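Here is a quick tour of a two-chain model, going from one residue out to the interface and then to a whole chain. Have the structure open as you read.

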Amino acid sequence: MKAQVGIGFRRDFADEFIDNPEFNPDFIELAPENWIGMGGYWKKKLDTVAEKYPITCHGLSLSIGSPDDLDMNFLKDVKDFLNRYDVKIYSEHLSFSKAANAHLYDLLPIPFRQDAVDHIAARISIVHDYLKRPLVIENVSYYTSVEAQMSELEFIQKVVAKSGCQLLLDVNNVYVNAFNHQYDAKAFISQLPLDNVAYIHMAGHEKVAPDLIIDTHGEAIIDPVYDLFDFTVQLLHPVPVLLERDFNIPETSELILEMERLKSIVKNRWEAGYAVTR
Amino acid sequence: MLLHAETKEIQETLASYCRNGRVPSINISRPDALKHYRRLIRNVITNTMEAAFPITYQWLDLNEWDQLIDEFMDEHDSQTPSVWKLPKEFAQYVISRNYQQLFDKPALNDLIRFEWCEVEIHTLEDVAEPDVVSLEFTADKKLQLNPYHQTLELQFPIHRLVANEAQLQKGNYFVFVYRELDTGKVRFLDISPLHVFLLKKINQHNISLADVLPDLCNVFKLRDVDVVNKHLSVFCRDMVDKKILIIT
């Protein structure tokens, strides 16, 4: 299988996707919330890039772990959007971003508890059935656990086992969490349900204190995260890989170099007679 | 519900902290890191509002702006899943809570409505656009309005003057805001009550200037129909050139 490396489509550098012949991601990813219901200038841009690139979607507001009910009106809009742009992969975060009838627009940590596992697994099933496509779930970065009764690893394992969902493995998030909560990133990844991994995210982050990293998507990927990525892909069958860059957007040439480096790693591991070494 | 009441309460307590900053009494592994959740959410909200309301942001002093953001986060339950639509809720919140009186800035409501209107028209969902069949205006031709428009009635001319100066000129101002069909750019036009009446009738019934004239002259008690016809023909011709009025 050919290694696919994509990048997040952002308005800050939207024209590069259309006009720059050097900039050729294999696919693009976007958050449906940022485009649903939008017309005019930006809708035209979206339609133009949609003609040029396959699209994956990575949602922000479904709030799969929320104590509030699923928003079925929103889900209908998402479904229409996914159908309109022929989106094959729709992913969301293993977190919550809505509570007490209010959206928060960031990813809050779900208490690692069995009832939360059951709650989320049931909701994944509802979403899956409604959208008639898998809901891929991402391991998120978190800065503190909240009233936890199990580990993060156990929580992810149980959600995947109970729901049967596919996993979006965000390698940078594992690195960030391993640093912040002092565990072994490679051991963590090795124990994930790797057969369920359908997609990988890679990104940069920011260290805000000697013992705390924030997952900003605003910096270049650092070497230790590339190393962890290299370790990870040896454990996986080929899946699409995405470079996330949301803030502090650099020159396009730097993004191209980052994508090339990712591609080089997966080509080495996946195209040169790949073997899963687990 | 599979989620226990206790877990639900924990989640709502955490969310509440993010909105109001009151430190929760829940068991967390890294108390030092908690503040970053509130900081990140506040960054999303304030960056979104600064982008949508750049003139308001510049006009208010920083304390006033921070007060708006903090109280909006605390008191308003944000309903839209799309953060780019949140400025609409923010504008409604600011107007409903009468911050213009609190801050002694009488033009605040007008300015915030005006700025949101620009965003709203720019991003209005696409609809079937009427075909432009001719650019030759005559009073008897049926007209249709560009579907992407809004007429704002303002008390202060904040579309012409900086807000502090606009506040000195209280009156009745009508601004026609529209999206150019070709470029997607948003434009503004100062119009009169006569124009507002005319455009409203055309928008409702897709009729010609000649169709509107009798009613218009009657409502505004204008006796010289020819003069009115000449004046509005010039206006309509310009609107046809700009593809605001479309001959169908």
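## One buried threonine

A quick definition to start: buried means under 20% relative accessible area, exposed means over 50%, and partly exposed is in between (1.4 Å probe, protein chains only). Thr48(B) counts as buried because its relative accessible area is 15%. You'll find Thr48(B) in helix α2 (residues 34–52) of chain B; helices here are DSSP runs of H or I with at least four residues, strands are runs of E with at least two, and both are numbered from the N terminus.

What does the side chain of Thr48(B) reach at 2.6 Å? That is the backbone oxygen of Val44(B). Setting aside neighbours within four places in sequence, Thr48(B) is also in contact with Val83(B) and Pro87(B), contact being heavy atoms within 4.5 Å.

## What you're looking at

This is a predicted model, where local features need pLDDT of at least 70 and side-chain atom pairs need 80 or more, while totals for chains, interfaces and linings use all residues. Residues are numbered from 1 along each chain as its sequence is written, chains are lettered from A and ligands numbered from 1 in the order written, and side-chain values use heavy atoms, with hydrogens and water left out.

## Where A meets B

On the chain A side, 50 residues are in contact with 46 residues of chain B. About 4200 Å² is buried between the two chains, with carbon and sulfur atoms giving 60% of that; this is the accessible area (1.4 Å probe) that two parts lose on being put together, summed over both.

The rule finds two salt bridges across this interface, each a side-chain nitrogen of Lys or Arg within 4 Å of a carboxyl oxygen of Asp or Glu. One of them pairs Asp211(A) with Arg30(B), with the closest N and O atoms 3.2 Å apart. Several elements of chain A give two or more residues to the side that touches chain B, among them α2 (40–52), α4 (114–131) and β6 (102–108). The top contributor is β6(A), with seven residues.

## Chain A as a whole

Chain A has nine helices and twelve strands. Its radius of gyration (over C-alpha atoms) is 18 Å, close to the 19 Å that the globule rule gives for 278 residues, so chain A is as compact as a globular protein of that length; that rule is 2.2 Å times the number of residues to the power 0.38.

The C-alpha atoms fill a box of roughly 50 × 40 × 40 Å along the principal axes. Buried residues make up 63% of the 278 in chain A.

Key
A polar contact is a pair of N or O atoms within 3.5 Å; within protein, one must be able to donate a hydrogen and the other to accept it, and residues adjacent in sequence count only if both atoms are side-chain atoms.
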